Amino acid sequence: MQPVVLLISLILMALLSTIFFLAARASRGPGPGPKANAKRTGLIWALTILGVIVSVGSLRNWPHALASTSDALEVNVSGGQWWWDIDTTEIPLGKPVNFNVTTEDVTHGMGIYNQDLTLLTQVQAIPGYTTQITYTFTEPGNYQVLCMEFCGVAHHDMVNEFEVVVVEE
């Protein structure tokens, strides 16, 4: 996904640079004729419409739009300086999990890491709000919840764990 976004960004930057170059070159010539304002107005509207289309098209599939799954396991996570409290210590493998995250004091960043300390998912924990993120674990094992936002002198102690287990049906 990142190479595609980079390529699209480079193409749009080149297009915008070309338009600015042509506009600057045209400004050196004789005074604008009667149709110059109509051309500029049309160009501005075309760029505005293109910008809206690109913005809507690039944002529709982001994970926050898919944050909740009705058949998911609900796991409540609360945080504070300097702790995480998770109401579930065992999570079934392959089942979507809605993490409902809140905090009592300051903003924290809740990151879920696997055994290799690779970040799997993250969400902001904001005082007075419950933020939600859905994740499906594909490997059993122990996972850690770490704070990703510096929150004071014992920030490094904000660690909790849970286990993802295979459930026999």
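Threonine 88 counts as buried, at 16% relative accessibility. The model it belongs to is predicted. Threonine 88 sits in the loop between β2 and β3 (90–92). Elsewhere there is a nonpolar core, with 21 residues in the largest one. There are also six aromatic pairs and an open sheet of four strands.

**Around threonine 88**

- The side chains of threonine 88 and aspartate 87 are joined by a polar contact of 3.1 Å.
- Beyond residues up to four places away in sequence, threonine 88 touches Glu74, Val75 and Phe162.
- Burial here follows from the cut-off: threonine 88 has 16% relative accessibility, and buried means under 20%.

**The open sheet**

- The four strands run in the order β2-β1-β4-β7, and their pairing is mixed.
- The edges are β2 (83–86) and β7 (131–136). Each has a single partner strand, so one side of each has no neighbour in the sheet.
- From one strand to the next, the twist averages 25 degrees.
- Strand β4 (residues 96–103) and β7 run antiparallel, joined by six bridges.

**The β5–β6 hairpin**

- β5 and β6 pair in the antiparallel sense, over six bridges.
- Five residues lie between the two strands of this hairpin.
- In the turn, leucine 117 has a positive phi of about 60 degrees.
- Isoleucine 112 stands opposite threonine 121 in β6.

**Leucine 119**

- Leucine 119 belongs to strand β6 (residues 119–125).
- Its relative accessible area is 36%, so leucine 119 is partly exposed.
- Setting aside neighbours within four places in sequence, leucine 119 is in contact with Gly111, Ile112, Tyr113 and Met148.
- Leucine 146 is 27 residues from leucine 119 in sequence. In space, the two are 9.6 Å apart, C-alpha to C-alpha.

**Aromatic pairs**

- The structure holds six aromatic pairs.
- One of them joins tyrosine 135 and phenylalanine 137 edge-to-face. Their centres are 4.9 Å apart, with 70 degrees between the planes.
- Another joins tyrosine 143 and phenylalanine 162, and this pair is stacked. Here the values are 5.9 Å centre to centre and 15 degrees between the planes.
- Tyrosine 143 lies in strand β8 (residues 141–147), and phenylalanine 162 lies in strand β9 (residues 159–165). The pair therefore ties together parts that are 19 residues apart in sequence.
- Both tyrosine 143 and phenylalanine 162 are buried.
- Ring pairs link Phe99, Tyr135, Phe137, Tyr143 and Phe162 into a cluster.

**The nonpolar core**

- In soluble globular proteins, nonpolar side chains tend to be buried together.
- The largest nonpolar core has 21 residues. Trp84, Phe99, Met110, Phe137 and Phe162 touch the most other members.
- β1 (73–80), β2, β4, β5 (108–113), β6, β8 and β9 each give two or more residues to this core.
- Phenylalanine 137 has 1% relative accessibility, so this residue counts as buried.
- Not counting residues up to four places away in sequence, phenylalanine 137 touches Ile91, Leu93, Gly94, Val97, Phe99, Ile112, Leu120, Tyr143, Phe162 and Val164.

Terms used. Residues are numbered from 1 along each chain as its sequence is written. This is a predicted model: local features need pLDDT of at least 70, side-chain atom pairs count only at pLDDT 80 or more; totals for chains, interfaces and linings use all residues. Side-chain values use heavy atoms; hydrogens and water are left out. Rings of Phe, Tyr and Trp (its six-membered ring) pair if their centres lie within 6.5 Å; planes under 30 degrees apart count as stacked, over 60 as edge-to-face and the rest as tilted. Buried means under 20% relative accessible area, exposed over 50%, partly exposed in between (1.4 Å probe, protein chains only). Two strands pair if DSSP finds at least two bridges between them. Axes are lines fitted to C-alpha atoms, for helices over the stretch in contact, and angles run from 0 to 180 degrees between N-to-C directions. Contact means heavy atoms within 4.5 Å. A nonpolar core is a set of buried Ala, Val, Leu, Ile, Met, Phe, Trp, Tyr and Cys residues joined through side-chain atoms within 4.5 Å. A polar contact is a pair of N or O atoms within 3.5 Å; within protein, one must be able to donate a hydrogen and the other to accept it, and residues adjacent in sequence count only if both atoms are side-chain atoms.
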